[in-house]
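Here are some exercises to work through with the model open beside you. Try each task before reading its solution.

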Amino acid sequence: MAKHELPEVETRLFIDGNWQDGSQDKHPVINPATEEVLTEVHWGGAAEAETAIAAAEAALPDWSTMAPAERGSILTKLADLIEADVTRLATIMTMEQGKPLAQAKSEIISNVENLRWNAAEGQRVLGDIIPSPDTNKWLVQKQPIGVVGAITPWNFPSNMIIRKISPALAAGCTVILKPAEDTPLSALALAELFEKAGLPKGVVNIIVGDAAAIGETLTKSDVVKKITFTGSTEVGKTLYEQAAPTLKKVSMELGGHAPYIIFPDADLELAVTTLIETKFINNGQVCTSPNRIFLHKDIKKEATKLILEKMAEVTVGNGLDDPTTGPLINEEGRKKVEEQLKDAQNKGAKILFGGQRLTEGDYQHGFFFEPTVLDLVTTDMDIFYQETFGPVIPLIEFDDEEAVIQAANDSEFGLASYFFATNIHTIDNVSKKLAYGMVGVNNTDLESSATPFGGIKHSGFGRENGTYGVEEYLVEKFVNIRTAR
Ligand code: ADP
C-alpha cells in the first residue's frame, strides 16, 4: 500500500450486527492535509436511528443480564483486537482528521487501556447493604440504565467513542452511536472490530448521517434512557432541551477555554516546555487546550523569550509525516482562528510569532495555519472569551494572585485549568479557587482511564472515565425486604 493510500475500511452503517446502506445520499470524507476526497460514506437519518433504537432495545435483556465477567472478556477481546490493529486504525484517523500519526497511535492505545480498565470495573459494580431495623433488609442494587444514545466529535474520533461505549457496555447498557460527520471512518473501523470481538448483534449500533435528525430521534425516544454527548456548548444545549420532555439522564462534555497560569516561583523551563507540548496536541483542537496564558510580570519577559525559542522547533505538515502538528480540520476552523487574530490585532494585540495561513509549496492544499504567539491580550478581545480551536498561544500579563484567579475564572467555561507554582500556599489557594472541573498543577495530564474527566458551568456536567464514568450508566434501585414473620 502506498504511504498516502487509505487502508481498506467499511463505509456503511452498522445496525443490529449488519452492515447496511444508508437511505440518504452518500457524503465525502475529506483529508484535511490534502483536501482530497478519501472515500464516500453512507448516510442515514431518522429512519435508521429508529431501527437502531429498536435493535439496541432488543439486545438489552441478554446483554444486561450477562455475567459481568463475560461482558468483561468481550471488552478485553476488543482491546486486544484494537491493540493488534493500531497502525491501520491510526492511519485512518490521521488521514481523515489530520493529527500526526504518533498522536493517532497514542489515541488508539488509550482506547486499549480504557477498555481493559472498564472490563475490570464492570465486575466491581457493587451495591450496598444499609443498616436497617431487624424486621427488614435494605439493599441498594446498581442496574444498567438501559439503551444509551451517544454523539461524538471529530477531534478525538476514536477515543471519544470508546470513552462512552466502554463504560456503557461494562455497565450492561446497549448503545446507538452517532460519530462526527468529518471523521466517520474511525468509528466504522472500530465497528469492524466489535464484530470480531463477539459483541452480540444490536449491542452497539453506529449511524453516520444527518446529525439533527438522528439527534432528535435519539433525544425524543422514550426507549433511550441516557444521552451522552461530547461537542460544542451550542449543540449540547439543544440536545439537553430536546431530552427534557422524556426526563432522560444526560451527560455533557462541552467546550473549554483553559487558563494556564505561570507564577513567578514556577519551574519556568518545565512550565514553558509543557505549554508548547500541550498546546500543539491536535493543533490546539482540544477542549482542554491551554487557551489563555497568564504570565506573572516578573517572569513574563523571560517566559516569552523561552516560548519563542521553543516555537521555532514546532513543525507543521501532513500527519503521516509525523510533524509536531498537522492541519486544522476544515476551512471553517481556519477562518475562525484568523477572525480571532484579526479582532485581537485590531484591539491592540501583537503577533510575536506566526499568525498567517500556510499556502505555499507543501501547504498549497490542506487547512494549514502557522503556530502563533499573540501578546498583549486583553478582556475586550474575542479570543479572551471564545474557545480557540487552533494553534494560538495568547499571552496575558498579571501581577496578583487573587486577581489572576478572578481573570482565569472570567469565562463561561469550566473544564480544564492549569497552573505552575512551587509555593504550597499558592498551590492550595489557587487549586481551591479555580472554578473548573479539572486542575493540573505543574502538569497538564488530566486524562486517564481511572480519573474523572468533565467540567462545570457551560462546559457541561457528568464525568467520563474511572468509577465516575461507569456511574453515568447506572441507576440505583432500593430494595426493602421485610424479613419479620
Ligand atoms: P464541533 O464544533 O466540535 O464540530 P459539534 O457540537 O458541532 O461540535 O459536533 C459534535 C457532534 O454533534 C458531531 O457528531 C455532530 O454531528 C453532532 N451534532 C451537530 N449538530 C447536532 C444536532 N443538532 N443534533 C445532534 N447532534 C448534532
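## Exercises on a predicted model

**Exercise 1.** Start with a strand pairing in this predicted model: which residue of E10 is the bridge partner of Ala-150?

*Solution.* Go to E10 and look for the residue bridged to Ala-150: Thr-228 is that partner. Next, widen the view to both strands, E7 and E10, which run parallel and are joined by five bridges. Then turn to strand E8 (residues 174-178), which is also parallel to E7 and joined to it by five bridges. There, Val-148 has Val-175 as its bridge partner.

**Exercise 2.** Work out why strand E7 (residues 147-151) is largely enclosed by the rest of the structure.

*Solution.* First sort the residues by direction: Val-147, Gly-149 and Ile-151 point one way, Val-148 and Ala-150 the other. Then check burial, taken as under 20% relative accessible area. Five of the five residues of E7 are buried, so the strand is largely enclosed.

**Exercise 3.** Describe the surroundings of the ligand, from its shell to its polar contacts.

*Solution.* Begin with the shell: 16 residues surround the ligand, with Thr-152, Trp-154, Lys-178, Glu-181 and Ser-232 the closest. By class, nine are nonpolar, five polar and two charged. Helix H7 (211-220) gives the most, three residues. Now look at ligand oxygen atoms: one is 2.9 Å from a polar side-chain atom of Lys-178, and one is 3.0 Å from a side-chain N or O atom of Trp-154.

Terms used
Residues numbered from 1 in each chain as written. Predicted model: local features only at pLDDT ≥ 70, side-chain atom pairs only at ≥ 80, totals over all residues. Heavy atoms only, no water. Near = heavy atom within 4 Å. Polar contact = N/O pair within 3.5 Å; in protein donor to acceptor, adjacent residues only side chain to side chain. Helix = DSSP H or I, 4+ residues; strand = E, 2+ residues; numbered from the N terminus. Nonpolar A, V, L, I, M, F, W, Y, C, P; charged D, E, K, R; others polar. Buried < 20%, exposed > 50% of the residue type's maximum accessible area, 1.4 Å probe, protein only. Pairing = 2+ DSSP bridges.
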